[in-house]
Amino acid sequence: MTGALYAVSDLHVSYAQNRAVVDGLRPESADDWLIVAGDVGEVFADVERTLRLLRDRFARVVWVPGNHELWTHPTDPVTLRGVARYEALVAMCRELGVDTPEDDYPVWHGAGGPVTVAPLFLLYDYSFRAPGTTTKEESLRAAYASGVVCTDEMLLHPDPYPDRESWCRARLAATARRLDATDPALPTVLVNHWPLVRQPTEVLWYPEFAQWCGTDRTADWHVRHRAAVAVYGHLHIPRTTHYDGVRFEEVSLGYPREWGRRGGDPRPMRRILGDAG
Ligand SMILES: [Fe+2]
Ligand SMILES: [Fe+2]
């Protein structure tokens, strides 16, 4: 098999400029796969339209939810909340033939493979606390005091869980079982909207925002689950870093004001494995 495994995230297609960038996302070979690591958009039909378009182009599309897909946005006719909303997104992806965290993990057999590509949905639990705080309550209070509060607090409902950290805990337990059952002979590509380790959040302009960016419970998952590469987005700080010798790729496009600052036409698709076309 030829081709490459690409990844992108944070397409935020509610912005016309970003929809134009998505129009330009094309495979370089007929065998190319595309990982879409969350934050396609917040309106259900926008997410569906975008994933359908990408699925029509790429040999395989692997999606994980970001926080924006999980919002119940006041402008969205789809009013589902929490787990019911996630399950509706999964059902929609299955209709399109897009892989989700609920499907068998596909194996990439192209160059750099074979590797198990594991789309994960892990959420966050406020353990990346704001500086100088030791509890979730203190950390949130610091965020409100500084005016840096993630919109998730208003729009990402945890139903039927009592709170987002409970949902996170359930996702962690179920996902660890899935990963433990993967072929131990194969390395993995771990895909999660939020970074598996805290270090990438250390460059955030507003450190209070880190509490919405992951969980310290996955701090060793890239080692424990044999990651060749860990793919994430959410921070809107695209870059490559290494932790414990494992390559981490932040693959976000981000908002027009962010990519516009970097100048030039954004080329957000990053090659994770395989040969350039
Ligand atoms: Fe985003
Ligand atoms: Fe996000």
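View 1. Donors here are N, O and S atoms within 2.8 Å of the metal (3.2 Å for Na, K and Ca), and water is not among the atoms, so sites may look incomplete. This is a predicted model, in which local features need pLDDT of at least 70 and side-chain atom pairs count only at pLDDT 80 or more, while totals for chains, interfaces and linings use all residues. Residues are numbered from 1 along each chain as its sequence is written, chains are lettered from A and ligands numbered from 1 in the order in which they are written, and side-chain values use heavy atoms, with hydrogens and water left out.

View 2. Asp39 forms a bridge between the iron ion (ligand 2) and the iron ion (ligand 1), and the two ions are 3.5 Å apart. Distant parts of the chain are linked here, for Asn67 belongs to helix H3 (residues 67-70) and His234 to the loop between strand E7 (227-232) and strand E8 (239-243), 167 residues apart. Helices (H or I, at least four residues) and strands (E, at least two) are DSSP runs, numbered from the N terminus. Both Asn67 and His234 are buried, meaning under 20% relative accessible area, where exposed is over 50% and partly exposed is in between (1.4 Å probe, protein chains only).

**View 3. Strand E7 and its partners.** Because 5 of the 6 residues of E7 are buried, this strand is largely enclosed by the rest of the structure. Strand E6 (residues 188-192) pairs with E7 in the parallel sense over 4 bridges, pairing being counted if DSSP finds at least two bridges between strands. Strand E9 (residues 246-250) also runs parallel to E7, joined by 4 bridges. Val229 in E7 stands opposite Val189 and also opposite Arg247 in E9.

**View 4. An open sheet of 4 strands.** The strand order is E3-E2-E1-E10, and the pairing is mixed. Strand E3 (60-63) and strand E10 (270-274) stand at the edges with a single partner strand each, so one side of each has no neighbour in the sheet. Strand E1 (residues 4-8) pairs with E10 in the antiparallel sense over 4 bridges, and Leu5 stands opposite Leu273 in E10.
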